[in-house]
Amino acid sequence: MSTLPRAPKECGSWYWDLGETVPSGLESSLAVAAGVTNVLKRFDLMDPVKLEYAWYVLDAGPSGVRSMLFTHRPLDDPDLPGKVLGSRPVAFPDAEVGDLHIGGAGTWFDAPGKGRREWLIELSVSPNLFGVAVNLAVHHDIWSPLDFSGRPQPEVFSRNAPRLADALREITVLLGVSPEVGEPTYFGHAVEFGIFTSEAQEDGLGIDLTDRL
């Protein structure tokens, strides 16, 4: 069972709009997802094993049906689009794939330096009609100098935040466009390639955010 607190809202998020560089569609979306997850895997932030997506009908809206595939194959496997489309609900023969949500565990390091496994990254790729878009969000405090209770955690921060920052920079180079940062939440917001939660006060402590965990 996980002991790492997870905020119900993101602490930081980044959005890359590829509408002018990548054509819309399932195949191109999976190719983009493969590239992004390869970067995350290289930094041991995500080993993708789950692909989840909803179905919608053009001019009618969401079908209310979601599908899930568990796979250890690369997301740019040529057989994967057929597997995704093969899971289309029979009640909606004209349904199209919505946002692709990719999940898998990564490694974070605690204060003594021990590696622990956790689902650290929330990643989605949108194959919409206007072109592909990528959204990446984090929900944990390990990327911040202060934990959710406002206590300094220099060892945790130094072992985890630089890896996320380097991965975000490499994803940006890969995608060829600068990301937009998401809206602030109670738990923080993205600042370039890191997150900001709260500033330490004179006593060295920050704001205690645990009341909403």
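# Close-up views of a predicted model

**View 1. W14 sits in strand β1**. Strands here are DSSP runs of E with at least two residues, helices are runs of H or I with at least four residues, and both are numbered from the N terminus. W14 is buried because its relative accessibility is 0%; buried means under 20% relative accessible area, exposed means over 50%, and partly exposed lies in between, using a 1.4 Å probe and protein chains only. Now look towards the other end of the numbering: W14 and D211 are 197 residues apart along the chain, and their C-alpha atoms are separated by 25 Å. Before you go on, please keep in mind that this is a predicted model, in which local features need pLDDT of at least 70, side-chain atom pairs count only at pLDDT 80 or more, and totals for chains, interfaces and linings use all residues. Residues are numbered from 1 along each chain as its sequence is written, and side-chain values use heavy atoms, with hydrogens and water left out.

**View 2. The whole protein has 3 helices and 11 strands**. Along the principal axes, the C-alpha trace spans about 60 × 35 × 30 Å. Of the 213 residues, 47% are buried.

**View 3. The largest nonpolar core has 52 residues**. Such a core is a set of buried Ala, Val, Leu, Ile, Met, Phe, Trp, Tyr and Cys residues joined through side-chain atoms within 4.5 Å. W16, L40, I121 and L136 have the most contacts inside this core. Among the elements that give two or more residues to this core are β1 (12-17), α1 (26-42), β8 (133-138) and α3 (154-175). Which element gives the largest share of this core? Helix α1 does, with 8 residues. As a general background, nonpolar side chains in soluble globular proteins tend to be buried together.

**View 4. L136 has contacts in several parts of the sequence, including G12 and L168**. Contact means heavy atoms within 4.5 Å. Setting aside neighbours within four places in sequence, L136 also touches S13, W14, W16, L40, I121, E122, L123 and I171.

**View 5. I171 belongs to helix α3**. Is I171 buried or exposed? I171 counts as buried, because its relative accessibility is 0%. Beyond its neighbours within four places in sequence, I171 is in contact with W16, V36, V39, L40 and L136.

**View 6. P48 lies in the loop between α1 and β2**. P48 is buried, with a relative accessible area of 16%. Which residues does P48 contact, leaving aside its neighbours within four places in sequence? They are T37, T71, I102, G103 and G104. The C-alpha atoms of P48 and L209 are separated by 30 Å, and these two residues are 161 residues apart along the chain.

**View 7. D44 and D59 each have a positive phi**. Most residues other than glycine have a negative phi. Phi of D44 is near 60 degrees, and phi of D59 is near 70 degrees. D44 is in the loop between α1 and β2, while D59 is in the loop between β2 and β3 (61-70). D44 counts as partly exposed at 33% relative accessibility, whereas D59 counts as exposed at 81%.

**View 8. G115 is found in strand β6 (residues 115-118)**. G115 is partly exposed, with a relative accessible area of 38%. Apart from its neighbours within four places in sequence, G115 is in contact with T107, W108 and F109. How many Å separate the C-alpha atoms of G115 and G131? The separation is 38 Å, for residues 16 apart along the chain.
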